[in-house]
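Subject: Structure handover and notes

Dear colleague,

Please find the structure below, followed by my notes on what was found in it.

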Amino acid sequence: MEIVESILNLPVQDPAEQEFSSADLTWTKFGTAEHHDDVALIPYARVDEFIIGECSSVECPTRFHIERGRKRSMGCLKEYKSDEYLEYRLYWCSFGPENYGEGGGVLPSRRYRLNTRNRAARPQSMRGCTCHFVVKRLYARPSLALIIFNERRHVNKSGFVCHGPLDKDAIGPGAKKIPYISNEIQQQTMSMIYLGIPEENVLEKHIEYVQRYGGSDATVSTLASQYVRKLGMIIKRSTHELDLDDQASIRMWVDRNKKSIFFYQDTSETDPFILGIQTEWQLQQMVRFSHRSLIAADSTFGIKRLKYPLCTLLVFDSRQHALPVAWVITRSVAKPDMAKWMKALLDRARSVDPGWKINGFVIDDASMEIDPIRDAFCCPILFSIWRVRRSWLRNVVKKCSNIEVQREIFKRLGEIVYSIWGGVDISVALEELTLDFVDQSAFMEYFKSTWVPKIEMWLSTMRTLPLASQEASGAIEAYHVKLKTKLFDDSHLGALQRVDWLVHKLTTELHSAYWLDRYADESDSFLNVKEEYIASTSWHRALQIPDYAVTLDDKNHLFAKVASQKDSSRTHLIWNPGSDFAFCDCAWSMQGNFCKHVIKVNMICENAKGYKPSMSFWSFREILMDLWKKPMDDSIGLDESVAWTHQMLDQIKQLVELNNSNDIGVVVNSMPLKWISKKGRTFVGIPASLPTLPSSSKSIAKNLQKNRKRKRLSRIR
């Protein structure tokens, strides 16, 4: 068959049958002599009918699921080929690919029924089928779809039929006709079961999604119902104790879940225990949301109650909510140990996206080592005050009974923190605080024993590092509160000293809760879950309060009032408005949290005269002022300042030129070419094993040229 290099002359095929398959189309070889596929053009409106027909093959009945999809908007491409896509979807036979069980080994084909009691449900549905095709809605002709068949036969890598009536080695009863359970459907069902949603509702949702692939056949619904009940039974019977000995239990869990671990170091005479957990979904979210963005750490959770403290790495998702993307369980905060797991995490992210890079790392503990962070991620480090603010507020409310005293003490503590930029002697300020509130013995004893010995370190960190915003601090705190609610339930108090219990809770209930939150938001389903997820941070709740509900004290700026949105007769009083240490009398604030009333009042105070700026803005201003200071003439400091200024000036010029230009090609061509590592040059271009670039390979040369342009663009982002 002749190979064509353009689809412009391909005929549009529109079979008369209501449902049609690949057997009803005439296929053309498209591509090059080295690599080509079978293609056909059909009306885009008939894609679903083609898929239904392809699923109804007599020899290999199956269902096709969407393995991967991408979209573009019209007008985003100024130059494009005839086969460029507007929408792209990769469909794969639901009996592939191969199933990988515990330990990473491939499950061989068996003639007998597989015992799945303690395994993931229905591994026999993964038969290694390589049949898959691509549907491209053409950018140049949106009414047409290009079908690209990469493999039309339902065979495995060895070339043998692997499912259907012709497959003699189908595993278990009904393996030829069971409905496809994708990872997304399975995770959705597991999440609902873990979160305690009634089985009837879980079953209804599960059947609804399975029928998208398997139709409304009664057998499909029956098998799907059995799957949900079996999965629910497995989850209810599952236990965190794989062995009576906690250490042995963890070793067993590690052996069974190698794909969800990015670093593991068992306890020895020289090395401390370190366990780094990251599921494949968390890895995807980290690469997606933290590239050219921020990672934050909730670093010392459970330091008093758990056997090993828990450090959570967070990213800020599309709604700027904190999303856990990795958990590290260890007691060690030494530089060498931190460097080990941070390097492992970085390598894992770079294995997915070699160009992955973060713009900043937010820490919340002044004693945390920052050298490993700088060495691994090569980025600025920010500091969030949410932990110190929460600790002070909780203890002020707990140990002082008079609300007026609570307000005044918390205000004075805030003034001490703000004084780091005013040249105030901290020891004198602490002495005055002790004398003024000598009658509040309970709080002052706590403050002297817990904070006075280390307050200089914390204030020095706040003065040295840029400070994170109230939105970021509120998001981290919201995750911390949710984690505390999940783990410190009264029914689990006896298991707090077991690491296997902590791992089980993190990877089941907490992981499922965040997975379902993201799924509900992106798919616009589970509307009640979506609403709770959106309103889970005080920042988003503050945005729902109208400006007219806030009343400021225009004379002395001592307080502000916020009218309740639920009860119009109720008003909340905010003391010390405009400050990060503002005090509100609502129940949420009295528990030590950033409340929506404080955040809303501070938003209003930003544009009002006579109020302090937020600490993050004050910190930013101090950094700019330090850059503005003129170094000594003819000094190395002057040379460094000039070099730094010119670097920033060049980047600003490039951004302005890019913003004002109508042709990005002109901007790209004017930039100097800068090679990075050899691995980076060859990763998306030619394979590293090829010694030279053939002169006849025009397509490879074009790909290289595109990749160079992308690298140039990445340097000005």
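Helix 1 (residues 47-55) lies across strand 3 (36-43), strand 4, strand 5 (85-93), strand 6 (132-138) and strand 7 (144-151), and runs at about 25° to strand 7. Here helices (H or I, at least four residues) and strands (E, at least two) are DSSP runs numbered from the N terminus, contact means heavy atoms within 4.5 Å, and angles run from 0 to 180 degrees between the N-to-C directions of axes, which are lines fitted to C-alpha atoms, for helices over the stretch in contact.

Please keep in mind that this is a predicted model, in which local features need pLDDT of at least 70 and side-chain atom pairs count only at pLDDT 80 or more, while totals for chains, interfaces and linings use all residues. Residues are numbered from 1 along each chain as its sequence is written, and side-chain values use heavy atoms, with hydrogens and water left out.

An open sheet of 7 strands has the order 1-2-3-7-6-5-4 with mixed pairing, where two strands pair if DSSP finds at least two bridges between them. Its edge strands are strand 1 (3-4) and strand 4 (64-71), each of which pairs on one side only. Strand 1 runs parallel to strand 2 (residues 28-31) and is joined to it by 2 bridges, with F30 in strand 2 as the bridge partner of V4.

Another open sheet of 7 strands has the order 8-9-12-11-10-13-14, again with mixed pairing. Strand 8 (261-265) and strand 14 (381-383) stand at its edges with a single partner strand each, so one side of each is left without a neighbour in the sheet. From one strand to the next, the twist averages 20°. Strand 9 (residues 274-277) and strand 12 (residues 322-330) run antiparallel and are joined by 4 bridges, and the bridge partner of G276 in strand 12 is V328.

Leaving aside residues up to four places away in sequence, I329 touches F273, I274, L275, I277, Y308, P309, L310, V499, L502, V503 and L506.

A helix pair

Helix 11 (residues 426-436) and helix 12 (residues 441-450) pack at an angle of about 155°, with their axes 10 Å apart. The two helices are therefore roughly antiparallel to each other, a label that applies to angles over 145 degrees. Across this pair, L430, L433 and T434 in helix 11 meet M444, F447 and K448 in helix 12.

Two backbone points to check

F526, in the loop between helix 15 and helix 16 (527-534), has a phi near 50°, a positive value in a residue other than glycine. F526 is buried, with a relative accessible area of 10%, where buried means under 20% relative accessible area, exposed over 50% and partly exposed in between (1.4 Å probe, protein chains only). H557, in the loop between strand 15 (550-552) and strand 16 (559-563), also has a positive phi, about 55°, although it is not a glycine. At 26% relative accessibility, H557 counts as partly exposed.

Methods
Angles under 35 degrees count as roughly parallel, over 145 as roughly antiparallel, 65 to 115 as roughly perpendicular and the rest as oblique.
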